[in-house]
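This briefing is meant for a reader who is meeting the structure for the first time.

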Amino acid sequence: MDRRKALAPALVVAAVSAIAAGVAVGFGAGHYTSRVTTVTTEMVAAAPATSTPTAVPSVTPAIAAGAHTFVQFACSQCHGPQGRGGVSPYVPDLTTIGKALTVPQLVHIINHGLGESANPTKPYMPVWGEVISSTQVANLVAYIRAGLPAVSTNDPVPVPTGQGPAVAGAALYVRYGCIDCHGPNGLGGVPNPLSPDKTIPVLSGQGFRQQFNTDAKIAAVIESGSVIGKAPIVSMPHWGGIIPKADVADLIAYLKTLK
Ligand code: HEC
Ligand code: HEC
């Protein structure tokens, strides 16, 4: 429930932009900005008969791949669907700034993070350099610089309802990108060479169970994250203010099912 509510403002913004795009197209092709052109792509998809194909910017394979990577690595969970913001006041909308930044700047921000802070109430831009391949980073940059256009079949993993918290938690584990850093089933295996452990920790097994033996301890680390060193060391992002409490509870229920 909560996550639907959190997404609602972003969806309203998207709907309003789509209407604005329709108006812009009505008033005269050729004068709208590239952002509006981008949104026009959605209009074309919805109503191909009434649109001019020549006005459609091409979504290249790199841009489409970037759109999928943006969802896969939970960029959309913090920056909103298509980077439109609306999730947390600390996480910027990427549509304008994304075009103002150069390719090297964007690559650097994604690989090294931004605004890293030990303050657990403030989310920061995580360090992704060890986790996301350089091709995936290049695709993300292409997608952001293209104005984060709509790409079909790019919805986050659906969260099943009515099947209990552990089932919902398993889907949330994918949706929030936990799987990208902690591996399928919390089995780990993602290297973090400069960190003390040289790897991103497993979230299963005896060692984990002993250290995190209460729900409160697991909730605290999910919400407060950690800063274990400077980039390129990957730290645990702060999810407080991003992941609703109910989702944190579902994630914990899921983690407790792991061997
Ligand atoms: C845990 C939440 C979170 C996740 C996940 C996340 N970001 Fe961020 N991102 C932030 C925050 C917070 C900032 C602002 C940091 C600052 O300015 O101090 C930011 C800033 C940025 C910026 C710079 C924007 C500016 O205004 O300078 C870019 C670009 C960006 N993120 C891209 C991405 C991409 C691409 C992904 C996925 C690989 C991603 N982010 C995932 C929280 C997040
Ligand atoms: C960008 C990579 C990244 C993502 C995404 C990520 N984590 Fe982490 N996580 C880490 C790192 C690195 C640590 C180790 C931090 C430390 O040693 O202080 C960690 C630590 C943890 C711990 C404590 C385990 C331990 O042994 O210290 C838990 C629990 C955890 N993460 C859960 C999650 C959950 C749940 C999600 C998804 C909501 C998630 N993580 C997403 C990188 C990540």
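Helices, here, are DSSP runs of H or I with at least four residues, and they are numbered from the N terminus; by that count Ala 74 has its place in the loop between α3 and α4. The model is a predicted one, and the protein in it has 12 helices and 0 strands.

**Overall fold and confidence**

- Read along the sequence, the pattern of the protein is α-α-α-α-α-α-α-α-α-α-α-α, in keeping with a secondary structure of 12 helices and 0 strands.
- The protein has 259 residues, and buried residues make up 32% of them.
- Of the contacts between residues at least 6 apart in sequence, 61% join residues that are at least 24 apart.
- The mean pLDDT of the protein is 83, with 78% of the residues reaching 70 or more.
- Where pLDDT is low, the predicted coordinates should not be read in detail.

**The largest nonpolar core**

- The largest nonpolar core holds 41 residues, of which Tyr 143, Ile 144, Tyr 173 and Leu 251 touch the most other members.
- At least two residues of this core are supplied by each of α3 (61-72), α4, α6, α7 (134-145), α8 (165-175), α9, α11 and α12 (245-255).
- Tyr 143, leaving aside its neighbours within four places in sequence, is in contact with Ile 63, Gly 66, Ala 67, Phe 70 and Leu 148.
- In soluble globular proteins, nonpolar side chains tend to be buried together.

**Surroundings of ligand 2**

- Ligand 2 is surrounded by 25 residues, the closest being Cys 178, Cys 181, Pro 201, Ser 226 and Met 236.
- The elements that give two or more residues to this shell are α9 (178-182) and α11 (215-224), and α9 gives the most, with 4 residues.
- The shell around ligand 2 divides into 19 nonpolar, 5 polar and 1 charged.

- Most residues other than glycine have a negative phi, and most peptide bonds are trans.
- Ala 74, in the loop between α3 and α4, has a positive phi near 65 degrees although this residue is not a glycine.
- Ala 74 counts as buried because 23 other C-beta atoms lie within 10 Å, where the cut-off is 20 or more.
- Lys 198, in the loop between α9 and α10 (206-211), likewise is not a glycine and has a positive phi of about 65 degrees.
- Lys 198 counts as exposed because 9 other C-beta atoms lie within 10 Å, where the cut-off is 12 or fewer.
- The peptide bond from Ala 231 to Pro 232 is cis, with omega near 10 degrees, and Pro 232 has its place in the loop between α11 and α12.

Terms used. Residues are numbered from 1 along each chain as its sequence is written. Chains are lettered from A and ligands numbered from 1 in the order in which they are written. This is a predicted model: local features need pLDDT of at least 70, side-chain atom pairs count only at pLDDT 80 or more; totals for chains, interfaces and linings use all residues. A residue is near a molecule or strand if its C-beta atom, placed from the backbone, lies within 6 Å of it. Ala, Val, Leu, Ile, Met, Phe, Trp, Tyr, Cys and Pro count as nonpolar, Asp, Glu, Lys and Arg as charged, and the others, Gly among them, as polar. Two residues are in contact if their C-beta atoms, placed from the backbone, lie within 7 Å. pLDDT is the predictor's confidence in each residue, from 0 to 100. A nonpolar core is a set of buried Ala, Val, Leu, Ile, Met, Phe, Trp, Tyr and Cys residues joined through C-beta atoms within 7 Å.
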